[in-house]
Amino acid sequence: MIKNRLAIIMAEKDIKSVSELQRMIKDEGLTISRRTLDKFYNNQNNNISYDTLETLCTVLECELHDLLVLKK
């Protein structure tokens, strides 16, 4: 099972809410819907686009392997 570390990365970067993250994304001229962010934050999605992953990695200044982990 693949899980994401979005909440952990946000805490490390002192991003207090999904709303704040969405504002940061918008400030970069990028877009991710609030629903997509909420589902990803709560590990409730089975599919995520490469564009969404790229946007998150860009805004959070992290690598894909920082964001996603394989849980056995």
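Reader: Which residue does K16 meet in a salt bridge?
Author: In this predicted model, the side chains of K16 and D14 form a salt bridge, with N and O 2.8 Å apart.

Reader: And is K16 buried or exposed?
Author: K16 counts as exposed, since its relative accessibility is 63%, and exposed here stands for anything over 50%.

Reader: How many salt bridges does the structure hold?
Author: The structure holds 3 salt bridges, and one of them joins the side chains of R5 and E12 at 3.8 Å from N to O. Of these two partners, R5 is partly exposed at 23% relative accessible area, whereas E12 is exposed at 57%.

Reader: What about R34, which residue does it form a salt bridge with?
Author: R34 pairs with D38, and their closest N and O atoms lie 3.0 Å apart. Both residues belong to helix α3, which covers residues 34-41, and they are 4 residues apart, about one turn of the helix. R34 is partly exposed at 35%, and D38 is likewise partly exposed, at 27%.

Reader: Switching to charge overall, how many positive and negative side chains does the chain have?
Author: There are 11 positive and 11 negative side chains, and the centres of the two sets are 10 Å apart.

Reader: What order do the elements run in from the N terminus?
Author: The order is β-α-α-α-α-α-β, which comes to 5 helices and 2 strands. The radius of gyration is 11 Å, close to the 11 Å that the globule rule gives for 72 residues, so the chain is as compact as a globular protein of that length.

Reader: How much of the chain counts as buried?
Author: Of its 72 residues, 29% count as buried.

Key: Residues numbered from 1 in each chain as written. Predicted model: local features only at pLDDT ≥ 70, side-chain atom pairs only at ≥ 80, totals over all residues. Heavy atoms only, no water. Rg over C-alpha atoms; globule rule 2.2 N^0.38 Å. Buried < 20%, exposed > 50% of the residue type's maximum accessible area, 1.4 Å probe, protein only. Lys, Arg positive; Asp, Glu negative; His and termini not counted. Charge placed at Lys NZ, Arg CZ, Asp CG, Glu CD. Salt bridge = Lys/Arg side-chain N within 4 Å of Asp/Glu carboxyl O.
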